[in-house]
Amino acid sequence: MPVPPALQPCPSCRLVDQVRSVQAVYRAGRSTETVRSHMDDRRHTETRVVISELARALAPAPDRHPERAPVVLGVLALFGTVGAFFAAEAQSDQDAFVGSSFSAGSALSHSSPDTGALYTLSGVGLFVAIALFVTAALLRANANRELAGRSRAERLWSQAWYCARCGTVHFSPTAGQGSAAFSLREFRRRVWTAGGYGHLTDRY
């Protein structure tokens with residue numbers, strides 16, 4: 001990641017004591033925490049990334065993961081598919097066992113209608129799971145295309161400074177963004193537009 005140039009005073013307060021590079025503020029606003037919980041009398045440990053509101057506002061690109069929901073649903077559908085398939089197999093074995101206990105000429109039918117329904121449910125579940133995984137892949141690919149210009153955004157982003165006193169961002173003279181102090185929203189719009197995904201500014 002590019003190294004920011006020399007420290008630039010804030011255009012609003014004309015001071016430097018509360019000015020830090022946007023990169024440094026962004027990194028400082030990201031941390032990890034370990035959460036421990038008990039599930040079924042077993043200890044469960046999970047590591048999470050914690051991002052402050054300021055770090056989110058100063059991010060060089062949106063934290064986009066549109067594929068997560070389809071993947072989760074696809075995994076659930078896959079579990080349902082496997083469950084339905086094994087239930088159908090068990091029912092089929094039971095039908096075969098019961099059927100073998102009666103003569104071929106028996107007037108009673110011991111085949112269960114649930115077996116066919118379970119196989120059908122298993123097939124439908126597999127189709128749904130595949131469709132969800134394909135959807136997740138397409139969403140991820142689309143997100144990658146939208147963020148293809150992130151390197152351009154980061155070049156501009158790396159020349160920005162945040163003033164904690166004023167709560168504004170300004171750029172180095174070499175960035176070509178003028179000498180004004182910008183709100184966090186305007187800063188985001190300029191950086192994201194440089195990357196070609198400024199249309200996502202209002203969504204994140």
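Biologist: What share of the residues in the protein chain is buried?
Modeller: Buried residues, meaning those under 20% relative accessible area with a 1.4 Å probe and protein chains only, make up 31% of the 204 residues in the protein chain. This is a predicted model, in which local features need pLDDT of at least 70 and side-chain atom pairs count only at pLDDT 80 or more, while totals for chains, interfaces and linings use all residues. Residues are numbered from 1 along each chain as its sequence is written, and side-chain values use heavy atoms, with hydrogens and water left out.

Biologist: And how many residues are in the largest nonpolar core?
Modeller: That core, a set of buried Ala, Val, Leu, Ile, Met, Phe, Trp, Tyr and Cys residues joined through side-chain atoms within 4.5 Å, has 23 residues, and Val22, Leu58 and Phe187 are among those with the most contacts inside it.

Biologist: What is valine 22 in contact with, leaving aside its neighbours within four places in sequence?
Modeller: With contact taken as heavy atoms within 4.5 Å, valine 22 touches Leu58, Trp157, Ala160, Trp161, Tyr162, Val169 and Phe187.

Biologist: How does S4 pair with S5?
Modeller: They run antiparallel and are joined by 4 bridges, where pairing requires that DSSP finds at least two bridges between two strands. Tyrosine 162 stands opposite valine 169 in S5, and the hairpin has 4 residues between its strands, with glycine 167 in the turn at a positive phi of about 70°.

Methods. Buried < 20%, exposed > 50% of the residue type's maximum accessible area, 1.4 Å probe, protein only. Helix = DSSP H or I, 4+ residues; strand = E, 2+ residues; numbered from the N terminus.
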